[in-house]
Amino acid sequence: MAEAAAALRAGGVVAIPTETVYGLAADASNADAVANIYRIKGRPDFNPLIVHVPDHAAAERLAQFDDRASALAVRFWPGPLTLVLPLQPAAPVAAAVTAGLPTIALRCPAHPVMQAVLKASGLFLAAPSANRSGGISPTRARHVADSLGAATPLVLDAGPCAAGLESTIVAVRDHGWQLLRPGPVTAAEIAQLLGEPPLPVSEARIEAPGQLASHYAPSRPVRLNATQAAPDEWHIGFGTTGGDDNLSARGDLAEAAARLFDALHRGDASGRAAIAVAPIPDDGIGAAINDRLRRAAA
Ligand code: TXA
Ligand code: MG
């Protein structure tokens with residue numbers, strides 16, 4: 001972790017575990033370092049990055065928090081919630097981080113390794129998921145190396161990620177809030193805290209490319225709601241719907257979320273022609289699982 005902090009301070013890029021997925025981190029104030037994230041991911045440069053902060057107080061240097069944003073931070077940070085808020089005019093972040101938007105995406109992660117690196121480096125860390133653009137997010141250190149290949153930087157290996165799905169993204173707007181990406185913190189939890197349901201998200205104005213139909217795609221075709229699989233399909237099961245692999249034999253959705261991307265990676269590596277996935281209930285974090293599965297299948 002000390003080596004990672006030193007590398008980051010020197011403008012390097014490091015893959016760091018969080019409770020959601022592994023992130024590809026760099027100093028958010030260093031334009032060259034941020035450009036290297038984009039280069040390693042092969043990501044189109046209009047896609048803004050999430051900035052990771054050690055705590056709520058630090059976050060206020062980067063974004064303007066109103067009462068609703070503060071309430072969300074107090075309730076869900078540190079944790080798997082990203083807030084899209086108005087950018088502070090003097091925020092010390094490179095232009096490429098926000099891709100020219102008047103807002104910034106902030107997250108205070110709960111993972112002790114990410115927290116330790118944030119504190120040791122004293123930096124705000126811009127970090128997208130540590131996979132090649134368009135690929136499956138990494139929930140293990142090995143996934144990072146498999147996805148980035150020769151471009152793989154220093155990776156801190158802390159084992160599998162507990163949540164296993166990327167953070168929930170909420171945009172706090174002047175007259176309400178929007179769910180830009182479903183995730184481990186559910187829309188119902190946000191709606192309860194803010195006292196109102198989300199505003200609709202316009203398909204015409206996509207701000208978060210995580211909203212693009214095909215975003216988390218394995219290299220093989222994916223078929224959903226498959227209670228049975230053909231011989232050339234790798235079957236990812238759930239509950240009593242068995243398969244070559246099972247997301248959670250006891251039908252636990254949190255366990256299924258934690259295992260989803262690893263299961264897709266294994267299906268991709270299985271040598272079968274396609275991947276078939278058992279039906280997953282849409283309750284709670286099941287909504288985020290089905291969101292990622294629809295994108296994987298699109
Ligand atoms: O769990 C996570 O959020 C992980 C870990 C590493 O923290 N990070 C992650 O980052 O999933 P990434 O880059 O793969 O996804 C970030 C999403 C993108 O879809 C991006 O477009 C959106 O956040 N985003 C970033 N800034 C935004 C902004 N100002 N307004 C709207 N969307 C934004
Ligand atoms: Mg990503």
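1. In this predicted model, the axes of helix α1 (residues 2-9) and helix α6 (residues 112-121) come within 9 Å and cross at roughly 50°. Axes are lines fitted to C-alpha atoms, for helices over the stretch in contact, with angles from 0 to 180 degrees between N-to-C directions. Helices (H or I, at least four residues) and strands (E, at least two) are DSSP runs numbered from the N terminus.

2. Helix α1 contributes Ala 4, Ala 5, Leu 8 and Arg 9 to the contact (heavy atoms within 4.5 Å), and helix α6 contributes Val 117, Ala 120 and Ser 121.

3. An open sheet comprises four strands in the order β10-β13-β11-β12, with parallel pairing; two strands pair if DSSP finds at least two bridges between them. Its edge strands, β10 (222-223) and β12 (245-246), each pair on one side only.

4. Strand β11 (residues 233-237) pairs with β12 in the parallel sense over two bridges. Asn 246 in β12 is the bridge partner of Gly 237. Helix α9 (residues 253-269) packs on the sheet and touches β11, β12 and β13 (274-277). The direction of α9 makes about 165° with that of β11.

5. Residues are numbered from 1 along each chain as its sequence is written, and chains are lettered from A and ligands numbered from 1 in the order written. Local features need pLDDT of at least 70, side-chain atom pairs count only at pLDDT 80 or more, totals for chains, interfaces and linings use all residues, and side-chain values use heavy atoms, leaving out hydrogens and water.
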